[in-house]
Amino acid sequence: MKNKVLSLTKVFLRSSFQNIETANNQNKQSQKSKAMIILYVFIFAYLAGIVGFFSFQIINGLLQIHQEQTFLGVILLGIGVFVLIQTIFSAISLLYYSTDNEYILPLPLKPSQILMAKTNVLMLTEYFIVLIIGFIPLLIYGNMTDANPIYYISMTMILIIFPIIPVLVSSLLVLIVMSFSKFTKNKNRFQLIATILILVVVFAISFTTSGTESSPEKMIELLTKANGLVEIIEGKIPTLKMAIDALASSEVMTILLNLGGILAITGILYAIYILLGQKLYLKGAVGNLYSGKKTNKKINDKKAFRKSSLAKTYIGKEFKILIRNPIFFMQCILPAILFPIMVIVFGIIGMKEEGIQSITQISEMIPNKTSIILGAGILVVIQFFSMFIYISATAISRDGENAVFMKYIPVSINKQLEYKVMPNIIITIIMDIITIAIAEYIFKMPILYVILITLVAILIGIIQSYLMLIVDLKKPKLEWSSEYAVVKQNMNLIWPVILGIANIIVIIGLTALINGKVSTYIGMFIFVIIYLILLMIVKKYIKNNATKLFEKIF
Amino acid sequence: MINIENVTKSYVKGKKSIDGLNLEINNGEIFGFLGPNGAGKTTTIKMITGILNPDEGDILIDGKSIQKEPIEAKKNFGFVPDSPDMFLKLKGIEYLNFLADIYEIPNEVRKERIENLTKKFEIYENLNAEIQSYSHGMRQKIVICGVLLNNPKNWILDEPMTGLDPKSSYDLKEMMREHSKKGNTVFFSTHVLEVAEKLCDRVGIINKGKLVFVGTFEEMKNKFKENTSLEELFLEITENEK
């Protein structure tokens, strides 16, 4: 049983990560692989550096008010919330819409074995992000608080065990909701509603666990007590207090007891998960949802045979594939539209709990409605959301081995790339407009100012869309057996984060440079000019290199 | 007409996958391209269709170089790849319209062609369903319909009979015959020797990247042992080269 689960896990992982495997006899290939490894190490160092820098600043601040243990709570809670949300998308994709189900289901395997192996993959995939948002900050924390060597051991163990519960909670929620799919006729509509429903529930859970209900008096009391603030956080997740206690203690017995407690709770939850899961999983939607929409509806003569422009038909085809493929839809489009709405809506609800009674009060926090800092802030928030848009970064990879289609039709590669980048641009613009509209509702900014921010945001979005396309063109993931591999286990998808952070730094840097020296409108105009120049450079690069980059796709 | 002129291709330095290939497929001809697995059939087809660039030599489709005038050359052929699993999330009708827009097929003839082709291949009733719900054979048919929609002069097909039911296979063969009778070219690869024998005006046999035979089946039989089976002839030609 164990061996089968292990082999299955290995197969799922291997088929997903095949494009970063380095085994190759050819020297040139091996050199390329080495270069890729160096690049990934560099990327990791870059992200780790940014996370580390902020961690250092926060711990430093907390140390001065003797509240450093709050940091442990915040980091662990952050991991919990992040993994909880991420797993929703991954679990639906991997458990229900993965093409490898077609090959796995006929094999003599028990539902529990398939479920265990897939859950293993879900967990292992999340560890990469835990490494960056958990390992680095806690390592710095240990160093800054002169922790014992035993801290590092318990830290490692907690980082391995702690993220399992959110993975299980999200996956179980998915299993329960998806088991209702057999009662519905319209599977496509069901999967969309189900995904949004699960997301709303998870967002609600996340924000109620991370929100605070403390009164100002209570806050002062906690602040005056050494490491009192952590008490607000530690009750939010059952294992959180134990994890914080284990990390904060230097006594072996306390550490062991707490670690044992976390292990026991996780173990019980895992057993419940498998027990319920094996009943729900195969009886649910496996295969059923993936079989494609069958219909005997007659085609509408008037509409069906109408000629369209090539641009319209090509971009339409890209959107149809993105929207109708549940994995692509959930990973590429949905986060871009839902994240801004949910983060802002639940954020406002959270702020109200902290004593801010109305939106006017939030608006009053920023008196100057045309301050360049406000504009930059909105751009930074937009940039943060854009990190979750993977449309361009998977534009070629999504076609898989059919990417060669682009090479034998009588349409130039450059033209096709222009069409391929459009869905990313369109979705980014929608996300820009949603975010700016909410910002306008809160801050009531002058209309000209709003137009300028929108213009800059759109320009940044277009540049990023092209840059992501270059990333995918440079190293497309064309050999995959499941769409999950394209959007979840694809190293290229670090790039939206890297470029997003780089751009946030550029926005903050530029703002710092021009703030107070020129008027806001001139400042925004400078932004427009800089990003226009950047856009021209990026487009020129694609124009000159597209055909060459496409040569390796065959 | 397809002209392959002294084409060479290497994936790995020092090892030629295609070695100095010269081939002329004339108008009005059905040409079968045969060879064992890994002989270079698909590589050749990929070079003809512009998916791969040759290291040396050139390929002309109706006089247009696939390397120097790729768009014009690509307008002159229709290609059926070996795997029909394409654009599975599109409905059959959407896929055909997408191709019709790419090949700029006017409204006046579009409806008629789509109806004729899909009714002939008995998939008309399924046009409103996603291709993902089609069987392998139906997927093969929709891809073939998509290619024939443009009525290209040159047909290039990679293992086109795979997955087709007997009637569709028969229909496709008939269509290939009709197409060549009108003075057009059909170039296809196959493993099924009987199909090649019955259908092709000429065949080419490739082995280890080299063309080892070009001619009619009669010429093949005359050149080698006259009374042996087609299968034995094929094995003799390809094994002699080892």
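**Entry 1: a helix pair in chain A**

I started with helix α6 (residues 149-161) and helix α12 (residues 252-280) of chain A, whose axes come within 11 Å and cross at roughly 5°. The model is predicted, so I kept to its limits: local features need pLDDT of at least 70, side-chain atom pairs count only at pLDDT 80 or more, and totals for chains, interfaces and linings use all residues. Residues are numbered from 1 along each chain as its sequence is written, and chains are lettered from A and ligands numbered from 1 in the order in which they are written.

Helices here are DSSP runs (H or I, at least four residues), numbered from the N terminus. Axes are lines fitted to C-alpha atoms, for helices over the stretch in contact, and angles run from 0 to 180 degrees between N-to-C directions. α6(A) and α12(A) are therefore roughly parallel to each other (angles under 35 degrees count as such).

I then listed the contacts (C-beta atoms, placed from the backbone, within 7 Å). From α6(A), A:I150, A:S154, A:M157 and A:I161 meet residues of α12(A) including A:I255, A:L259 and A:L263. By class, this contact has eight nonpolar, two polar and no charged residues. Ala, Val, Leu, Ile, Met, Phe, Trp, Tyr, Cys and Pro count as nonpolar, Asp, Glu, Lys and Arg as charged, and the others, Gly among them, as polar.

**Entry 2: the cores**

Next I looked up nonpolar cores, sets of buried Ala, Val, Leu, Ile, Met, Phe, Trp, Tyr and Cys residues joined through C-beta atoms within 7 Å. Buried means 20 or more other C-beta atoms within 10 Å of a residue's own. The largest core has 128 residues; A:L76, A:I92 and A:L247 are among those that touch the most other members. Helix α3 (residues 69-96) of chain A gives the most to this core, with 16 residues. I checked A:L247: leaving aside neighbours within four places in sequence, A:L247 is in contact with A:L72, A:Y151, A:S154, A:M155 and A:I158. Another core lies apart, with 73 residues, among them B:M47 and B:F77.

**Entry 3: chain A against chain B**

I counted 34 residues from chain A and 35 residues from chain B in the contact. α14(A) gives the most to the chain A side, with six residues. That side has twelve nonpolar, ten polar and twelve charged residues.

**Entry 4: domains of chain B**

Chain B is divided into domain 1 (2-76 + 153-240) and domain 2 (84-151); the bounds come from an automatic or database domain assignment. I found their C-alpha centres 25 Å apart. Eight residues of domain 1 are in contact with seven residues of domain 2.

Methods: Helix = DSSP H or I, 4+ residues; strand = E, 2+ residues; numbered from the N terminus. Parallel < 35°, antiparallel > 145°, perpendicular 65-115°, else oblique. Contact = placed C-beta atoms within 7 Å. Buried ≥ 20, exposed ≤ 12 C-beta atoms within 10 Å, placed from the backbone.
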